[in-house]
Amino acid sequence: MNRKTITAILLVSAMTASAQNPIIRDQFTADPTARVFNGKVYLYPSHDIPAPEGQRQDWFCMADYHVFSSENLTEWDDHGVIVTHNDVDWVRPESYGMWAPDCVCKDGKYYFYFPATPKGERRGFGIGVGISDSPSGPFRFESEPIKGVMGIDPCVLIDDDGESYIYWGGMGIRGAKLNPNMKELAGGQQVMEGLPDGFKEGPYAFKRNGVYYLTFPWVRKEGGTETLAYATSSNPLGPWTFKGLIMEESPTGCWTNHHSIIEYKGQWYLFYHHNDYSPKFDKLRAARIDRLYFNKDGSIQEVKPTLRGVGINDAISRIDVDRYSEAGKDVTYALLDTINTFRGWYANLGGKNGWLKYNDVDFKNLKSDSYLIASVKAEENTEMVIREKNAKGKVIARLKIVCLTEGQFRRDIRGRWQTVTSALEYIPQGVTDLYVSCEGKGAAIDWIEFKNRENYFHSPSGQVSSPDEDGFIRRWLLLDPIDKPNRSNTVFTDSYLNENFAKEYFKGQSTVIPKAGQEEKVEKQSLVWHELESDRYNVKLFRFADINKKQTYGVLFCGVTLIECDEDIPNVRLAAGSNSASSWWLNGERVLLLSGDRRMVEDDGMSNRLTLRKGINVLRCSVINGPGMSDFCVRFLKEDGSPVTNYKVKTAE
């Protein structure tokens, strides 16, 4: 992967981090050191970047450190840059060597430890210290590195008695006691004895149930890649007894791994990294989390890397089901974009009965009028089914995917991504698992999101209302949509509209003043009038149909409202806008036609001069659509363009 390609990867906007692996999703984050401070998890990773010109292109390049925090391991806040390689007195400028750091808290102060190349050195590392009153900084950095320490990947352990110990890599793994000021060695350093042969780096030490654990990346065989391994001791500086592996080598050949281990809210977690966003260049890595468990004897169970990661997804946040917990044997995943890799992945379910499972979704914030949207594609017309828990679980929603023409499919290789909307058949309670299956010959899925409906309408209060301050009329009687198939909006010529708007679809269509709940028969359809007030200046017809579980596309909408005036209001114009075509009648006379494939724009069309008569004026509209999301807005304007507002709006005489 060349430098220009890697740079292109970074030209993306920040995305909200969510529960899946990797956990930071808008930048490369390696060597993740996690610490628990004040009830939150703080993450101190190194920051891989593409090497600039003049730097070695096939090696690690790190110019600064960020700090992140989370209370749920699902949503991560980026607190910004702690320090860059040009901010510290003793660090050689433009050295790009700010490798794996650590941060600990003692006596209310936060100590940030980091490796960097000292001035005057071309190779080799010193360990620096920054001090702050907050885990996110700002940090004040010492003017020189810790004397007596040359190496990388510092880690500090504060023991139960308050004594502190520092460990680092380079020429094996070494350790030493720190002075109480946390900035100097209290004595000589020593090699950590009892560890296995082979390359070792990145030490991370912690204490559990009186036992000291020293964990570290380890290359256990010639020509291999790094595992994560551990040893234990009854003394913070050993000697150590080697115990085995925490994680095996990368299944895709990422040469490094680097980690930390914490307990948070009663659960232990392993933070580590992998080259998810850069599969062809393993010097650009991304932080991950998985759960870690101990056996009764204190030994660590081997951790298997997962796509799903940890944390509980809120159902109303985007769920990247391509980072699944389990999947059928034919399910695969791939990057959406091999250049802009931060766009993430998609899961290909394969053929019929392909399935995946996504754990731990919380439905507590989902309301009864919610719906589902999903990003999907299919090899041909097919259906995906979202169930609760397993293949026999209750059906939550069905996603019908309509493939485009065969020629379009071939050009798109695997079909075209579509955003599909579905009503919910069932809403789970609390935290549960999702089971996604394919009911056709082949389909792929990127993400799903459960949505609570916005408040587009409310039931009118009182017998009358007024136009809003801009003159828009919001109170209406709307009829359930009439089935009127239109494959395209390009057919909405004047002649087509004159014919179809003039057609009588139900008895008294042009004269009736309906009541809420009144039924109309339109061929085989039984339709109902609804009295409502729009929460917006534009009346969302698509949402009106969707809320009432009616057809939303290829339909004709009818609306009626009454304008009550205390006196004649002459020389006004009706100004309307609609998504798709519309026709407007005042007191039985058509006063405006909006033809063609419209987009809803206020005052898109205006009538000739009109007079609103004293008493009741009947305003009617019809809006027709094909595949678009219909809405409309309407008001009356004076000669000077200001809105008319001195009348009442009602839906019954």
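Phe139 and Phe141 are both buried, where buried means under 20% relative accessible area, exposed means over 50%, and partly exposed is anything in between (1.4 Å probe, protein chains only). This is a predicted model, so local features need pLDDT of at least 70, side-chain atom pairs count only at pLDDT 80 or more, and totals for chains, interfaces and linings use all residues. Residues are numbered from 1 along each chain as its sequence is written, and side-chain values use heavy atoms, with hydrogens and water left out.

**Aromatic rings**

- The structure holds 39 aromatic pairs; rings of Phe, Tyr and Trp (its six-membered ring) pair if their centres lie within 6.5 Å, and planes under 30 degrees apart count as stacked, over 60 as edge-to-face and the rest as tilted.
- One of them joins Phe139 and Phe141 in a tilted pair, with 6.4 Å centre to centre and 40° between the planes.
- Phe492 and Tyr496 make a tilted pair too, at 6.0 Å centre to centre and 40° between the planes.
- In that pair, Phe492 is buried at a relative accessible area of 2%, while Tyr496 is partly exposed at 21%.
- Phe139 and Phe141 also belong to one aromatic cluster, along with Tyr44, Tyr65, Trp90, Phe112 and Phe114.

**Charges over rings**

- Arg318 has its charged end over the ring of Trp447, 3.5 Å from the ring centre; for this, NZ of Lys or CZ of Arg has to be within 6 Å of the ring centre and within 35 degrees of the ring normal.
- Arg323 does likewise with Trp345, its charged end sitting over the ring at 3.7 Å from the centre.

**Cysteines**

- You'll find zero disulfides here, a disulfide being a pair of cysteine sulfur atoms within 2.5 Å.
- Cys61 is in no disulfide, and its nearest cysteine sulfur, on Cys254, is 17 Å away; Cys61 is buried, with a relative accessible area of 2%.
- Cys633 is in no disulfide either, with the sulfur of Cys621 the nearest at 11 Å; Cys633 counts as buried at 1% relative accessibility.

**A four-stranded sheet**

- β9, β10, β11 and β12 line up in that order as an open, antiparallel sheet; strands are DSSP runs (E, at least two residues), numbered from the N terminus, and two of them pair if DSSP finds at least two bridges between them.
- β9 (152-158) and β12 (190-191) are the edge strands, each with a single partner, so one side of each has no neighbour in the sheet.
- Five bridges link β9 to β10 (residues 164-169) in the antiparallel sense, and Ile158 has Ser164 in β10 as its bridge partner.

**Two residues to look up**

- Ser607 sits in the loop between β39 (605-606) and β40 (610-612), and counts as buried at 2% relative accessibility.
- The side chain of Ser607 reaches the backbone nitrogen of Leu574 at 2.9 Å.
- Leaving out residues up to four places away in sequence, Ser607 touches Arg573, Leu574, Val591 and Leu592, where contact means heavy atoms within 4.5 Å.
- Val555 lies in strand β35 (residues 555-565) and counts as buried at 0% relative accessibility.
- Val555 and Ile624 are 69 residues apart in sequence, yet 6.0 Å apart in space, C-alpha to C-alpha.
- Not counting residues up to four places away in sequence, Val555 touches Pro481, Ile482, Asp483, Lys484, Val623, Ile624 and Asn625.

Methods:
A polar contact is a pair of N or O atoms within 3.5 Å; within protein, one must be able to donate a hydrogen and the other to accept it, and residues adjacent in sequence count only if both atoms are side-chain atoms.
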